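Visitor: I am new to this structure and would like to learn how to read it. Could you walk me through a few features?

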Amino acid sequence: MDGNSRIWALHGRLVADGVQCRVDIETLPFQIGRRADLSLTLRSGAISSLHAEITERDGQLWIRDHSSKNGTFVNGVRIKHEVTLAENDLVQIADMPFRLTRERMTTHNSTLAADHDQGALALVQLNALLHTREITPVYQPIVDLSNGSIVAFEALARSRLLGLETPAAIF
């Protein structure tokens, strides 16, 4: 292998509170799900047995959802058909987000722990939320307890986007 060889990789947590990892996409099709015999096994009840699959055609990566219950998302949008992937796309398997990168190929075959800035991931999710108009305003009255009259309204934000349902996740 020459020094310019590059490989696709997914960066993310394999369990909700785990460390950031890099998972090389070494063989295609690259199957993702809960089953132990897949290319990437994710231990989460939100993940289907065979959730999604990444393939390659004409040098381009494609991803499709296998009719999963909780969906596969690319850059915050739930996919319904096979879609192309590009470097730095955010690929979300149910509630587990991963960043797709293309990096120099390494000589080891194990998953590496990586320290990546989660700020970029949060910005991509917020951007997707704003562009898909999945943010919903909710107005809560503020009441004067002495006479029961409404004196103002508090504006709250809610989301229907998987993984960003709560204000804490959004902001």
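Guide: Gladly! This is a predicted model. Let us begin with a charge and a ring: Arg-57 lies over the face of Trp-62, at 4.2 Å from the ring centre.

Visitor: Let us turn to the backbone. What should I expect there?

Guide: Most peptide bonds are trans, and most residues other than glycine have a negative phi. With that in mind, look at the bond from Leu-28 to Pro-29, which is cis, with omega near 0°.

Visitor: Where is Pro-29 found?

Guide: Pro-29 is in the loop that runs between strand S2 (20–24) and strand S3 (30–33).

Visitor: And which phi value does Ser-67 have?

Guide: Ser-67 is not a glycine, yet its phi is positive, at about 55°. You will find Ser-67 in the loop between strand S6 (60–65) and strand S7 (72–74).

Visitor: Is Ser-67 buried or exposed?

Guide: A residue counts as exposed when its relative accessible area is over 50%. Ser-67 has 73% relative accessibility, so it counts as exposed.

Visitor: What about Asn-75: what is its phi near?

Guide: Asn-75, also a residue other than glycine, has a positive phi near 55°. Asn-75 sits in the loop between S7 and strand S8 (77–78). Its relative accessible area is 30%, so Asn-75 is partly exposed.

Technical notes. Residues numbered from 1 in each chain as written. Predicted model: local features only at pLDDT ≥ 70, side-chain atom pairs only at ≥ 80, totals over all residues. Heavy atoms only, no water. Lys NZ or Arg CZ within 6 Å of the ring centre and 35° of its normal. Helix = DSSP H or I, 4+ residues; strand = E, 2+ residues; numbered from the N terminus. Buried < 20%, exposed > 50% of the residue type's maximum accessible area, 1.4 Å probe, protein only.
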